[in-house]
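Please work through the following exercises with the sequence and the model at hand. Each task is followed by a solution in steps.

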Amino acid sequence: MEKTVDKILALIKVNPQITMKEIARIIFMSERGVEEQKKMMRGKSIERVGGCKNGYWEIIPTDQ
């Protein structure tokens, strides 16, 4: 079973300008749940570039 974090990252890879609301709808999760995941991921695996309306999500490469 795919983890929620992996689902979110996959959606961001396809569309860096996707909103958390759209992600919640696509993965059948509450907006609140997606926001909580985003908080945990921010600065570690994703970062927001630009503002809310004109910005996009950037995936931070991790050393494995």
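**Exercise 1.** Determine whether Q37 is buried or exposed, and state what it touches.

*Solution.* Step 1: Q37 has a relative accessibility of 16% and therefore counts as buried; buried means under 20% relative accessible area, exposed over 50%, and partly exposed in between (1.4 Å probe, protein chains only). The model is a predicted one, in which local features need pLDDT of at least 70 and side-chain atom pairs count only at pLDDT 80 or more, while totals for chains, interfaces and linings use all residues. Residues are numbered from 1 along each chain as its sequence is written, and side-chain values use heavy atoms, with hydrogens and water left out.

Step 2: Q37 belongs to helix α3, residues 31-41. Helices (H or I, at least four residues) and strands (E, at least two) are DSSP runs, numbered from the N terminus.

Step 3: Apart from residues up to four places away in sequence, Q37 touches T4, V5, I8 and M29, where contact means heavy atoms within 4.5 Å.

**Exercise 2.** Which residues of α3 are buried, and which are exposed on the other side?

*Solution.* Step 1: The buried residues in α3 are G33, V34, Q37, K38 and M41. They lie on the same side of α3, because the arc they cover around the axis is only 140°; this arc is that of the directions from the helix axis to the C-beta atoms.

Step 2: R32, K39 and M40 are exposed on the other side of α3.

Step 3: The cover over the buried residues of α3 includes α1 (4-14), α2 (20-26), β1 (46-49) and β2 (56-59).

Step 4: Just after α3, G43 adopts a positive phi of about 85°.

**Exercise 3.** Describe the largest nonpolar core and the elements that give residues to it.

*Solution.* Step 1: A nonpolar core is a set of buried Ala, Val, Leu, Ile, Met, Phe, Trp, Tyr and Cys residues joined through side-chain atoms within 4.5 Å. The largest such core has 13 residues, and those with the most contacts inside it are I8, I12, I23, I27, V34 and I46.

Step 2: α1, α2 and α3 each give two or more residues to this core, and α1 supplies the largest share, four residues.

Step 3: Beyond its neighbours within four places in sequence, I46 is in contact with L9, I12, K38, M41, W57, E58 and I60.

**Exercise 4.** Examine S45 and the strands: how do β1 and β2 pair?

*Solution.* Step 1: S45 lies in the loop between α3 and β1. With a relative accessibility of 15%, S45 counts as buried; leaving out residues up to four places away in sequence, S45 touches L9, E58, I59 and I60.

Step 2: In a regular strand the side chains alternate between the two faces of the sheet. The covered face of β1 holds I46 and R48, and the uncovered one E47 and V49.

Step 3: β1 and β2 pair in the antiparallel sense over four bridges; two strands pair if DSSP finds at least two bridges between them. I46 stands opposite I59 in β2.

Step 4: Six residues lie between the strands in this hairpin, where G50 takes a positive phi near 85°.

**Exercise 5.** How many helices and strands does the protein chain have, and in what order do they run?

*Solution.* Step 1: The protein chain has three helices and two strands. From the N terminus on, the order is α-α-α-β-β.

Step 2: Of the 64 residues of the protein chain, 30% count as buried.
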